[in-house]
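Please take a look at the structure below. Then use the briefing to find your way around it.

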Amino acid sequence: MLQCHYTRARIPALINQELPIQTRRYVARHLDHCSACRAEFERQKTVKQELMRELPHFGKPDESALERIWAQVQSDLRPAAPRHNTRLPLKSYSFGGIIAGLLLVLLLPIAGNAGTMSVPHHPSPQIIVLTETPTNRVAVAVPTLIALVAQTAPGETDTPTILDNTPATPSAAVP
Amino acid sequence: MADQLSNYEEQSPADVPALIARCLAGDQNSYTQLYNCFATAMYRLCYSLLLNRQDAEDVMQDVFVYAFKNLRRYDSQKSAFKTWLCTIAVSRCRNMYRRKRFLLVDWSQLLHVQFPAPHSDMPEPALTRKDAADVIHAALAELSPRLREAVVLRYGHGLTYREIADIMNCPPKTAESRVRLAHEQLRSRLQPVGHTLLEELWQVQEQ
């Protein structure tokens, strides 16, 4: 049975004369003794003969098809004639303008989204946890500061009547 | 042009390099001769792989346009001109499979819908309904594209495994095993019905 399996796997190669000499001898010896494998060999040999006889004639075209294809090949190979632009330039510009406008309309939202997306977000507010109990330190300090600011140097007035760089008035100089 | 295209018999003239040289020199008749030499073979190849006349015509047109436009790139030292054309054709056919893969899906099987078989009023004998080409067509359609390419190039065009490997862009051993697998699958496909049918057909033709 193992020999049959081995032989049948090599029958196509044997028919096509593609087996090395030693394998060919082994397979041929088995075919001499096994009638089932021999019958399989004969069937496959017939199939090969059928294929070799039939496939070269399969799908043969008629001359009209070949002439049609040749005409198309020739037209494809012919160099294309230079195209003369018969349209008015204004028309082509207006067409281009329409396309550009459409593109702008389509791309603007995308560009707008991209701009907003690139702006960094504000940092989230931090929660300050007070670990100490509030004291009246600030309340005490503020009056002290106010008192310091309000305190003026001795001899200075809060609202000088005459600026330092203002020349003296003649009425004051002449009695 | 009709007189120039009167003979489409497959031929591979010994002076293909000279023909190509004349084409490159700008001789238009040489292009026609080159097309005449290989048109039938290329059509058979395209049809055998695509199994559709219109697709075969489209691909074949594309193959010759590409080949003639890129004739300077052909290197006779690397491969025969027919092998080069076959390489282009197989590549274009693969593109066509990819394009038509969606259309080739059997939706009735996927959706588990069974369409009724076409009804025939008069029962016809098998021999008048089908012929050898139909049997081969059905058998090739069952094969996967790679196996079909291998078996068509081997048995339909008589190429060597090295040439098949060059065309299919695979090692020669892979080409050999693909031909073998295709052979086995075709045997199981042709044996129950086709084998006897083909033999009967040939007996009828010989009489």
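This briefing covers cores, surface, loops and salt bridges.

The model is predicted. A search over all chains finds eight salt bridges. The largest nonpolar core holds 69 residues.

**The nonpolar cores**

- Seven members of the largest core touch the most other members: B:Leu34, B:Tyr35, B:Met60, B:Phe64, B:Phe81, B:Leu140 and B:Val151.
- Helix 2 of chain B gives the most to this core, with 13 residues.
- Domain 1 (7-104) and domain 2 (128-207) of chain B both give residues to this core, so the core lies between them.
- Another core lies apart from this one and has eleven residues, among them A:Cys4, A:Ala13, A:Val27 and A:Cys37.

- B:Tyr47 sits in helix 2 of chain B, which covers residues 28-50.
- Is B:Tyr47 buried or exposed? B:Tyr47 counts as buried because its relative accessibility is 10%, and buried means under 20%.
- Leaving aside neighbours within four places in sequence, B:Tyr47 contacts A:Phe58 and A:Gly59 in chain A. In chain B, its contacts on the same terms are B:Asn52, B:Arg53, B:Ala56 and B:His137.
- B:Val59 is twelve residues from B:Tyr47 along the chain, and their C-alpha atoms are separated by 9.3 Å.

- Which residues make the nonpolar surface patch of about 510 Å²? They are A:Phe95, A:Ile99, A:Leu103, A:Leu106 and A:Leu107.
- A:Phe95 belongs to helix 6 of chain A, residues 89-118.
- A:Phe95 is exposed, because its relative accessible area is 52% and exposed means over 50%.

**Two loop residues with positive phi**

- B:Leu51 is not a glycine, yet its phi is positive, at about 55°.
- The place of B:Leu51 is the loop between helix 2 and helix 3 (53-69) of chain B. With a relative accessible area of 16%, B:Leu51 is buried.
- B:Asn169 is not a glycine either, and has a positive phi of about 60°.
- The loop that holds B:Asn169 runs between helix 9 (161-168) and helix 10 (172-206) of chain B. B:Asn169 is exposed, at 69% relative accessible area.

- Side chains of opposite charge can pair when their charged atoms come close.
- A:Arg38 and A:Glu42 form a salt bridge, at 3.4 Å from N to O. These residues are four apart in helix 4 (residues 35-54) of chain A, so about one helical turn separates them.
- A:Arg38 is partly exposed at 37% relative accessibility, and A:Glu42 is partly exposed at 33%.
- A:Glu40 and A:Arg43 also meet in a salt bridge, at 2.9 Å from N to O. Both lie in helix 4 of chain A, three residues apart, which is about one turn of the helix.
- A:Glu40 is buried, with a relative accessible area of 5%, whereas A:Arg43 is partly exposed at 31%.

**A salt bridge between distant parts of chain B**

- B:Arg94 and B:Glu149 form a salt bridge, and their closest N and O atoms are 2.8 Å apart.
- How many residues apart are B:Arg94 and B:Glu149? They are 55 residues apart, with B:Arg94 in helix 4 (residues 81-104) and B:Glu149 in helix 8 (residues 145-156) of chain B.
- Both B:Arg94 and B:Glu149 are buried.
- B:Arg94, B:Arg146 and B:Glu149 are joined into one network by salt bridges that share partners.

Notes:
Residues numbered from 1 in each chain as written. Chains lettered and ligands numbered in written order. Predicted model: local features only at pLDDT ≥ 70, side-chain atom pairs only at ≥ 80, totals over all residues. Heavy atoms only, no water. Buried < 20%, exposed > 50% of the residue type's maximum accessible area, 1.4 Å probe, protein only. Contact = heavy atoms within 4.5 Å. Core = buried A, V, L, I, M, F, W, Y, C linked by side-chain atoms within 4.5 Å. Domains from an automatic or database assignment. Patch = residues over 30% accessible without salt bridge, like charges linked within 9 Å, V, L, I, M, F, W, Y side chains within 5 Å. Areas by Shrake-Rupley, 256 points an atom, 1.4 Å probe, with all protein chains shown as cover. Salt bridge = Lys/Arg side-chain N within 4 Å of Asp/Glu carboxyl O.
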